[in-house]
Amino acid sequence: MVSFISVFATAILPIVGVGGVGYLLGRWRSIDTDALNTVIVYILAPALVFYSLATTTLAQSTLFRASVAVIIYHLLAMGVAAGIGRLFNKSKTAVAALMLVTAFPNSGNYGIPVSNFAFGSTGRATAVIYLSVQGIILYTLGVYIASRGGTKSRLAGIKRVFTVPLVYAVIAALIARVLQIVPSTDTTAMATIKLVGDAAIPLMLLVVGIRLARTDIGSTLSAVGLGVGLKMVIAPVIGLGTAVMIGFDDPIVARTFVLESAMPSAVTPMILVAEFGSGDVAGVPIAEFVSAAVFVSTMISIPVLTLVIVILKSGAVI
C-alpha cells in the first residue's frame, strides 16, 4: 500500500520547500522574474530538454506516442472547457480563459520537478516530452485562443514559436538520436549540458514561488471556481482517458503523462492574455482571472497531486 505521507514527503515536499523559499524571497525582496525566466527559457530549459531527450532510454515509439497523446489531451481539454463554458452561457472572453486555464498545465516549472521526484528519470524524460510538445501548441493554438477579441496580431504571437530555443533543442536532440551521433554521457560536452540543465529544476521552482508571492488575487477568487475545478478535477480525468486510449507500453510513462495533465494551470497563458487578450470574465479583467486561477490551482495542487501520485503508484488505474 502506497503511503499518502511518504508520497508527500518524497515527491511533493521538496517542491513545496523550494517553491516556499522562492515565495518568501519574493515577499522580502523585489526580484526580476522576467530576467530569471529568460535564463530558464534561453539557456537552462533547452539544455535540460536536449540532454533528457538525447540520452533517454525511452523507445522511439514511446516518444511518438507521448507526443501524440499530448496533442490529443490538449485538443480534448480545450473542447471540454469550451463546451462547458458555452453550456453556462459564458462570454467569448470567458470561454477563451477557461480553455487556457484548463488545457495548459504547468508542465515545466512545476511538472518536471514533480515528475522527477515521483517517477525518477523516466518521469523526468516523459515530462520533458510533454513540455516540448505543449510549448508548440501553446504558442500556436494558445496564442489564437488568447487573442480572441483582442486587437493585436495573432500572427505576431504565433511567430514566437520559432524564437523559442526549446523547439530547436528538441529538433537537435531528435536529429542526434536518429543519426546516432549523441556523444557519450561521460564526455565533457554532455556533462556540461547536464550540469546546465539540472540547474533549471530548482530555478523553475523558485520562479513559481516568487510569482505566487506577487499575485494579487483580491476579489477574483469567486470568479475562478469553474476554471480551477475544470483544471484540477476534469483535466486529470481527460489525461487518464487519453493515456488509456494511446496504450503506452511503459506504465511509468503512462502514469507520468496523467500526472503532468493534473498539474495546476500554467503561467504562460497569463502572459499571452496580458499581451494579446482583452475583455473581462465576470467583471474581472481576463489577465487577472488567469493569474488568480494559476495561484488557486497551484495551492490546491499540493494535496491533489499527492493523492494523484498515491493512486498512480498503487497501479489502481493504469
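## Working through a helical chain

Thr242 sits in helix α10, which covers residues 225-246. (Helices are DSSP runs of H or I with at least four residues, strands are runs of E with at least two, and both are numbered from the N terminus.) Before we dig in: this is a predicted model, where local features need pLDDT of at least 70, side-chain atom pairs count only at pLDDT 80 or more, and totals for chains, interfaces and linings use all residues. Residues are numbered from 1 along each chain as its sequence is written, and side-chain values use heavy atoms, with hydrogens and water left out.

**Exercise 1. Is Thr242 buried or exposed, and what does its side chain reach?**

Step 1: Look at the area. Thr242 has a relative accessible area of 0%, so it counts as buried. (Buried means under 20%, exposed over 50%, and partly exposed in between, using a 1.4 Å probe and protein chains only.)

Step 2: Follow the side chain. It reaches the backbone oxygen of Ile238 at 2.8 Å.

Step 3: Find the neighbours. Skipping residues up to four places away in sequence, Thr242 touches Ala69, Ile72, Tyr73, Leu76 and Phe257. (Contact means heavy atoms within 4.5 Å.)

**Exercise 2. Where is Glu260, and which side chain does its own side chain meet in a polar contact?**

Step 1: Glu260 belongs to helix α11, residues 251-261.

Step 2: Check the area again. The value is 0%, so Glu260 is buried.

Step 3: Look for the polar partner. The side chain of Glu260 makes a polar contact with the side chain of Ser115 at 2.7 Å. (That's a pair of N or O atoms within 3.5 Å; within protein, one must be able to donate a hydrogen and the other to accept it, and residues adjacent in sequence count only if both atoms are side-chain atoms.)

Step 4: Leaving out neighbours within four places in sequence, Glu260 is in contact with residues including Pro105, Gly111, Ala127 and Tyr130.

**Exercise 3. How do α3 and α5 cross, and which kinds of residue make up their contact?**

Step 1: Know what to look for. Two packed helices are described by the angle between their axes and the distance between the axes.

Step 2: Read off both. The axes of α3 (residues 60-87) and α5 come within 9 Å and cross at roughly 35°. (Axes are lines fitted to C-alpha atoms, for helices over the stretch in contact, and angles run from 0 to 180 degrees between N-to-C directions.)

Step 3: Sort the residues. The contact of α3 with α5 has 13 nonpolar, three polar and no charged residues. (Ala, Val, Leu, Ile, Met, Phe, Trp, Tyr, Cys and Pro count as nonpolar, Asp, Glu, Lys and Arg as charged, and the others, Gly among them, as polar.)

**Exercise 4. Which residues of α5 and α13 meet?**

Step 1: Start with the axes. Those of α5 (residues 111-146) and α13 (residues 286-314) come within 11 Å and cross at roughly 35°.

Step 2: List the partners. Val114, Ala118 and Phe119 in α5 meet Ile309, Leu312 and Lys313 in α13.

Step 3: Sort them. Five are nonpolar, none is polar and one is charged.

**Exercise 5. Is Thr298 buried or exposed?**

Step 1: Find its helix. Thr298 is in α13.

Step 2: Use the area. At 7%, Thr298 is buried.

Step 3: Check the side chain. A polar atom there lies 2.6 Å from the backbone oxygen of Val294.
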